[in-house]
Amino acid sequence: MYCRVIACDFDGTGATDGRLAPELLAALEAARMQGVARILVTGRVLEEIESACEQTLPFDAVVAENGAIVWLCRQQRTIQLGEPPPDRFLGQLRARGVPFHTGTVIVGTWEHHTTQLLDLIRRFGLDGQLIFNRGALMLLPSGVNKAVGVRRALEELARSEHNLIAFGDAENDIPLLLAAELGVAARGAVASVTAMADDHLSQPGGAGVAFYIRRLLSNGCTAPTPRRHRIAIGNTPDGDPVLFPASGVNMVISGDPRSGKSWLAGLLAERLIERDYRLCVIDPEGDYLALGQLGKVLTLGRELPLPAAAAIPKVLAHQRLSVVVNLSALPLREQQKYVEELLGALAAARETTGVPHWVLIDEAHYFFADGGCSRQLSSRTGNFILATYRPSQLSDEVYAGVGAHAVTGSKIEDERYFLTKVLQACAPREIDARAALAAVTPGRVGLLLQDADGPRWQVFQPADRVTVHAHHGRKYADTRLPDEKAFRFLYNDEPLVAHNMLEFYKAIQKASPASLRHHLLAGDFSRWIAGVLGDEQLAHGLRKLERMAPAGAIPDREEILAHIDDYYLIGEEQEPG
């Protein structure tokens with residue numbers, strides 16, 4: 001995970017005898033210098049904290065009264081979450097001799113008065129809850145706790161709980177530690193906190209928190225993602241769930257057109273969005289528009305016009321939305337320029353806020369064949385998903401930062417050779433690379449994942465998706481072109497003429513290898529498709545095949561057909577036989 005926010009409990013964690021440790025103040029200042037927001041979280045009332053910290057709070061926000069009060073330090077603004085109990089309720093406490101103190105919302109006493117408070121809550125019909133903090137007892141409105149208060153502070157600070165590390169020691173800190181991406185128990189924490197925390201301080205008090213923060217900063221504000229943050233993406237043939245880390249890894253998904261790679265990428269996007277991670281999906285061909293069916297997902301470039309690239313990070317940060325950026329209306333060169341600008345803007349935003357948490361890029365070979373965009377993957381924020389049918393064309397810089405490979409199957413010989421080399425280099429030693437790829441039959445995925453336990457290879461059936469996968473919203477063109485615009489295949493035993501894309505597809509199935517090779521060498525296929533049909537996207541894909549032909553490669557008929565079918569859906573609409 002990439003930390004952009006620290007939230008620290010006061011008593012028992014950051015403070016000793018009601019004062020923050022000097023070394024903690026220094027560590028918090030160092031965190032501020034690296035752009036990390038700081039939140040103090042406490043059950044105390046705000047006035048006590050201001051007095052204890054001598055009016056010099058080293059925080060961006062204070063969440064007081066166990067989440068009921070949020071104080072935004074720079075703005076000098078207070079947000080109140082919930083209402084206090086009525087005065088007559090407090091009068092009854094006094095009449096019963098129950099000692100208590102109040103804040104703006106909170107009522108505090110000691111846990112041995114629990115029975116009396118419960119009796120009065122029932123009598124007055126209060127919508128309240130009792131929260132324990134070691135020997136103390138707090139009455140708050142239902143649903144208000146430290147996690148709720150911190151989430152509100154994060155909204156105001158334009159940060160996310162998925163970039164939050166939280167420190168606590170008592171029962172009332174548990175909701176906060178669970179809400180954070182990484183929850184850390186203080187030295188001497190109560191047993192329930194120690195048991196559920198993701199990590200533990202090695203030193204007591206504020207000195208322990210300071211040491212942890214210093215170590216975090218020395219690691220570039222990154223920390224291992226806890227195992228509880230994993231998403232289920234399918235099951236092995238034995239029925240075991242396949243889990244993928246929700247943070248801390250870059251991934252390449254590769255496979256032939258229509259082999260399921262976009263399905264898998266969309267599945268990952270769905271599962272991450274369900275867990276409130278914010279995504280930016282860069283969609284060159286309109287494959288991911290269906291994600292707009294989910295809540296908190298905005299699609300741009302279709303009904304809503306495509307904004308300037310610099311505007312998209314602001315939508316992700318301030319609107320708390322995931323975004324699908326549909327580029328299908330742009331020519332390829334404009335797409336490449338837009339994506340380069342967008343990745344630069346996203347990189348700057350992610351360094352500051354951590355948002356978006358993930359960037360998913362389809363047809364990644366359009367953008368990551370050289371070092372321009374590829375350098376983004378080496379940044380400390382990580383969390384890229386690159387989907388491509390041509391993994392061999394991604395730059396070496398991409399693979400230097402990749403920790404996961406998903407393979408949905410490939411019939412392209414060059415790509416199978418490349419994937420075999422990847423498995424031989426990165427998979428567990430006992431894995432036979434060729435046999436492993438052979439096990440990736442239609443409908444299955446092979447996943448090579450590098451984690452703390454070393455490399456792991458699994459073949460699995462992907463889970464069902466929530467949204468319908470709309471693969472390129474085009475139908476094939478069957479309108480007949482005039483003879484002068486038809487494509488004529490040369491060097492063939494029989495005359496083949498294509499007046500539309502359907503006829504072109506069928507002609508490719510029949511053309512001789514010599515004819516295919518001639519037209520690939522001459523660049524005829526891409527020239528006709530771009531110049532006559534006006535389809536620059538398909539033409540771009542075929543140009544790559546044409547560039548390979550002079551190197552002596554044998555024309556791959558199935559690869560040409562797969563490219564066409566990926567855009568025009570011809571294969572599935574032809575009659576069998």
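Analyst: Helices (H or I, at least four residues) and strands (E, at least two) are DSSP runs, numbered from the N terminus. The structure discussed here is a predicted model, in which local features need pLDDT of at least 70, side-chain atom pairs count only at pLDDT 80 or more, and totals for chains, interfaces and linings use all residues. Residues are numbered from 1 along each chain as its sequence is written, and side-chain values use heavy atoms, with hydrogens and water left out.

User: Which helix gives the most residues to the lining of the second largest pocket, and how many does it give?

Analyst: A pocket is an open set of points on a 1 Å grid over the protein atoms alone, with protein on both sides within 12 Å along at least five of seven lines, and its lining residues have an atom within 4 Å of a point. The second largest pocket is lined by 23 residues, with Asp256, Pro257, Arg258, Lys411 and Ala562 nearest its centre. The greatest contribution to this lining comes from α20, with 5 residues.

User: To which cavity does helix α20 give the largest share of the lining?

Analyst: A cavity is a set of grid points where a 1.4 Å probe fits but cannot get out. Among the residues lining the second largest cavity are Pro257, His563, Asp566 and Tyr567. Helix α20 covers residues 557-568 and supplies 3 residues, the largest share, to the lining of the second largest cavity.

User: What is the volume of the largest cavity?

Analyst: The search of the whole structure finds 3 cavities of 30 Å³ or more. The largest of them has 12 lining residues, of which Asn163, Ser247, Gly354, His357 and Asn383 are the closest to its centre. With grid points joined across faces, edges and corners, and volume taken as the space filled by probe spheres set on the points, the largest cavity holds about 80 Å³.

User: Which elements give two or more residues to the lining of the largest pocket?

Analyst: The largest pocket contains about 720 Å³ of space. Its lining has 31 residues, and those closest to the centre are Pro245, Gly248, Gln450, Asp451 and Ala452. Two or more lining residues come from each of β16 (241-245), β23 (404-407), α14 (413-426) and β24 (445-451).

User: In the open sheet of 4 strands, which strands stand at the edges?

Analyst: The order is β8-β9-β11-β10, with antiparallel pairing, where two strands pair if DSSP finds at least two bridges between them. Each edge strand has a single partner strand, so one side of it is left without a neighbour in the sheet, and these strands are β8 (101-102) and β10 (128-133).
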